[in-house]
Amino acid sequence: MRTKIVAGNWKMNLNVVESQLLIGELMDALSTFETQAKIIVAPSFVNLPILAVATENTTITLAAQNVHHKEKGAYTGEVSADMLSSLGIDHVIIGHSERRAYYNDTDTVLKEKVSKALEYNMNIIFCVGEQLEDRKTEKHFDVIKKQLEIALFALDAYAYNFITIAYEPVWAIGTGETASPEQAQEMHAYIRSLIAKKHSASLAEDVSILYGGSVKPANAEELFSKPDVDGGLIGGAALKAADFTAIIKAI
Ligand code: PGA
């Protein structure tokens with residue numbers, strides 16, 4: 001069964017006090033309505049321990065924004081899957097375009113991150129997305145195919161139980177520019193067809209594919225109305241409880 005998901009990526013925003021405030025506001029807002037969506041929040045590593053306590057026995061699932069691909073060792077400043085796991089964190093975003101662009105998260109490294117996270121039974125939101133130039137030159141399908149092929153396509157069918165894909169065109173992230181619902185649907189259907197070809201149509205049907213890139217209350221409903229858009233990965237709008245809540249209500 002495909003799950004509807006709304007995930008908030010807080011990126012490098014909010015200190016410990018601010019993050020507790022926002023999670024409190026979010027919990028208050030969520031207590032006022034019912035949703036079929038799974039709600040995920042990805043704060044920074046430092047905020048995870050305190051938010052893990054705050055969100056215990058709530059409908060909010062916490063995710064890390066990144067994980068290291070090695071088990072442990074001399075990797076100053078990094079955080080391992082084992083460390084996250086020991087905190088009870090079993091969701092992680094891998095391959096966000098900011099990680100790819102600024103921290104040398106290449107497709108090959110991302111493949112290793114995926115397998116390390118899977119070793120720890122972590123649920124993965126795996127991000128793919130093309131640059132504006134790729135779209136202008138009509139290479140966007142090829143780019144997405146390559147990103148998926150390298151990092152995910154060697155996985156066995158069982159591993160897909162732990163995989164959610166987020167399609168985030170880089171030109172739409174934090175820019176205010178959103179892919180049109182038709183563009184999102186077209187790419188999501190393409191991604192699903194690739195998984196169907198690689199594995200089976202029924203497996204592909206069960207994979208949740210989120211859209212990310214300037215999702216806001218004003219455009220969420222239209223995006224989510226598309227048959228292959230199973231929710232969103234939200235950046236900026238996840239930092240305001242009212243906006244994030246409105247997006248959840250749009251699903
Ligand atoms: P945005 O970010 O919603 O601020 O565009 C989305 C993301 O980076 O996941």
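Good morning. A salt bridge, as the term is used here, is a side-chain nitrogen of Lys or Arg within 4 Å of a carboxyl oxygen of Asp or Glu. Side chains of opposite charge can pair when their charged atoms come close. The structure before you is a predicted model, and a search of the whole of it finds 13 salt bridges. I shall present some of them, and then turn to one residue in a loop.

Let me begin with E71 and K116. These two residues form a salt bridge, and their closest N and O atoms are 2.8 Å apart. Where do E71 and K116 lie? E71 is in the loop between strand 3, residues 60-62, and helix 3, residues 81-86, whereas K116 belongs to helix 5, residues 107-119; the pair therefore ties together parts that are 45 residues apart in sequence. As to accessibility, E71 counts as partly exposed, at 30% relative accessibility. K116, by contrast, counts as buried, with a value of 10%.

Are R100 and D107 buried or exposed? R100 is buried, with a relative accessible area of 18%. D107 also counts as buried, at 14% relative accessibility. Both assignments follow because buried means under 20% relative accessible area.

D107 has a further partner, K146: the side chains of K146 and D107 meet in a salt bridge, at 3.8 Å from N to O. This pair links distant parts of the chain, with K146 in helix 7, residues 140-152, and D107 in helix 5, 39 residues apart. K146 counts as partly exposed, its relative accessibility being 46%.

Which residues are linked in a network of salt bridges? The members are R2, R192, E205, D228 and D230.

Finally, I turn to T59. This residue is found in the loop between helix 2, residues 48-54, and strand 3. T59 is exposed, with a relative accessible area of 59%. Which residues does T59 contact, if we leave aside its neighbours within four places in sequence? The answer is L30 and I39.

Thank you for your attention.

Notes
Residues numbered from 1 in each chain as written. Predicted model: local features only at pLDDT ≥ 70, side-chain atom pairs only at ≥ 80, totals over all residues. Heavy atoms only, no water. Helix = DSSP H or I, 4+ residues; strand = E, 2+ residues; numbered from the N terminus. Buried < 20%, exposed > 50% of the residue type's maximum accessible area, 1.4 Å probe, protein only. Contact = heavy atoms within 4.5 Å.
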